[in-house]
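Me: I am new to this model and would like to know what stands behind the words used for it. Could you take me through them?

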Amino acid sequence: MSGVRHRILVVEDHADSRELLAEFLEALGYEVDVAEHGLQALERLRCAPRPAVMVLDLMMPVMSGWELMRHVREDPALSSLPVVVVSGAGDAHPLPEGILGAVPKPVDLDVLSNFLREAMRRC
């Protein structure tokens, strides 16, 4: 990565998964912010500094990833935010529209890293 440290928002309700993802991304040189559910993520997205990419779980309490994506895509200031879904939802639920990619749980960190590199090229 260049000298610019890109910010990533990790939205994950399970504390262990959230912490592991944050540690992995920080080791890759990213600045990481975290949120425990969609409502907390939406509040963070509406404040500065905004992330370059959001890594999003779908099945969460308070506000699901699907609902958060609806809010993101309806907000002109957020609608172009690249999103990578990391979820154990499987094929039973369709993925939200407008995502860059999806990584099933358990997370293949190489696949996630590749999606993030692609997203950063778009920034």
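Reply: Gladly; here are your questions, each with its answer.

Reply: This is a predicted model, where local features need pLDDT of at least 70, side-chain atom pairs count only at pLDDT 80 or more, and totals for chains, interfaces and linings use all residues. Residues are numbered from 1 along each chain as its sequence is written, and side-chain values use heavy atoms, with hydrogens and water left out.

Me: What makes L116 buried or exposed?

Reply: Buried means under 20% relative accessible area, exposed over 50%, and partly exposed in between, using a 1.4 Å probe and protein chains only. L116 has a relative accessible area of 0%, so L116 is buried. This residue lies in helix α4; helices are DSSP runs of H or I with at least four residues, strands are runs of E with at least two, and both are numbered from the N terminus.

Me: Which residues does L116 touch?

Reply: Contact means heavy atoms within 4.5 Å. Not counting residues up to four places away in sequence, L116 touches I8, L25, Y30, V53, V55 and V84.

Me: How do you know which strands β1 pairs with?

Reply: Two strands pair if DSSP finds at least two bridges between them. With strand β2 (residues 31-35), β1 has 5 bridges in the parallel sense, and 4 bridges join β1 to strand β3 (residues 53-56), also parallel. R7 has E31 as its bridge partner in β2.

Me: Why are β2 and β5 said to stand at the edges?

Reply: The open sheet has 5 strands in the order β2-β1-β3-β4-β5, with parallel pairing. β2 and β5 (101-104) each have a single partner strand, so one side of each has no neighbour in the sheet. From one strand to the next, the twist averages 20°; axes are lines fitted to C-alpha atoms, for helices over the stretch in contact, and angles run from 0 to 180 degrees between N-to-C directions.

Me: How does the span of α1 compare with the expected one?

Reply: The expected span is 1.5 Å times one less than the number of residues. α1 has 13 residues and reaches 18 Å from its first C-alpha to its last, close to the 18 Å expected.

Me: Why are the buried residues of α1 placed on the same side?

Reply: The buried residues of α1 are R18, L21, A22, F24 and L25. They cover an arc of only 165° around the axis, so they fall on the same side of α1; the arc is that of the directions from the helix axis to the C-beta atoms. On the other side of α1, D16, L20 and A27 are exposed. The buried residues of α1 pack against β1, β2 and α4 (109-122).
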